[in-house]
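Here are my notes on the model you sent over. Have it open while you read, and take the points in order.

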Amino acid sequence: FWAWLDCRSKRGRRLWSAAQGTGRDSGRVNMQAFILNTMPTYQFSCEVQPRYLPEQSEPENQLFAFSYTVTITNTGEVAAQLIARHWFISDANGHSDEVKGLGVVGHQPLLRPGESFQYSSASRLRTATGTMHGQYFCVAEDGPRFEAEIPMFVLEPTPDSPARVLH
């Protein structure tokens, strides 16, 4: 018994094809691995640069302001659009906030492979240090949905020190 598989794009272009036999000496093809290796990747990478804002902070009132600049790059193989964001913000006392919303700073950028989008925003904490991390919800141009992780980074009032990214 032989099975012939033929995968074609929406435009009829052959993406891959393979035969699989089920007899003892039929040279089997691992179709699961074959399919996974031919699927396009959907991936955004995120880099964040936080900065303490002393001019907008009020340490005497336990308010500390930070800005952060995010660079989102499509490192996948298919154009995709950032649809929504989900942030987790924590201060040194363990107080946490979640922020969810559509897009980023009023935009839902469509990024082709290799393209980047950069934006800046801000957050205020009740302590001098804290962390942020989260995800972007994205939809690829060919339909699949995926999440892009925003790595955890530290918010701290040391303007001369480089950003610390936690892994």
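1. Is Y136 buried or exposed? Buried: its relative accessible area is 0%, where buried means under 20%, exposed over 50% and partly exposed anything in between (1.4 Å probe, protein chains only). W87 counts as buried too, at 2% relative accessibility.

2. Before going on, some ground rules. This is a predicted model, so local features need pLDDT of at least 70 and side-chain atom pairs count only at pLDDT 80 or more, while totals for chains, interfaces and linings use all residues. Residues are numbered from 1 along each chain as its sequence is written, and side-chain values use heavy atoms, with hydrogens and water left out.

3. On confidence: pLDDT is the predictor's confidence in each residue, from 0 to 100. The protein averages 82, and 71% of the residues score at least 70. Residues 1–23 stay under 50, with 42 contacts beyond four places in sequence; a contact means heavy atoms within 4.5 Å. Residues 161–167 are also below 50, and that stretch has 12 contacts beyond near neighbours in sequence.

4. Now the aromatics. Rings of Phe, Tyr and Trp (its six-membered ring) pair if their centres lie within 6.5 Å; planes under 30 degrees apart are stacked, over 60 edge-to-face and the rest tilted. The count comes to eight aromatic pairs. W87 and Y136 have ring centres 6.4 Å apart and planes at 85°, so they sit edge-to-face. Because W87 lies in strand β5 (residues 80–91) and Y136 in strand β9 (residues 130–140), the pair ties together parts 49 residues apart in sequence. Strands (E, at least two residues) are DSSP runs, numbered from the N terminus.

5. β9 and β10 pair in the antiparallel sense over nine bridges; pairing takes at least two DSSP bridges between the strands. Q135 has E149, in β10, as its bridge partner. The two strands form a hairpin with four residues between them, and G143 in the turn has a positive phi of about 115°.

6. How many salt bridges does the structure hold? One, counting a side-chain nitrogen of Lys or Arg within 4 Å of a carboxyl oxygen of Asp or Glu. E141 and R112 form it, at 3.3 Å from N to O. E141 is in the loop between β9 and β10 (145–155), and R112 is in the loop between β7 (110–111) and β8 (116–125), 29 residues apart. E141 counts as exposed at 52% relative accessibility, while R112 is partly exposed at 40%.
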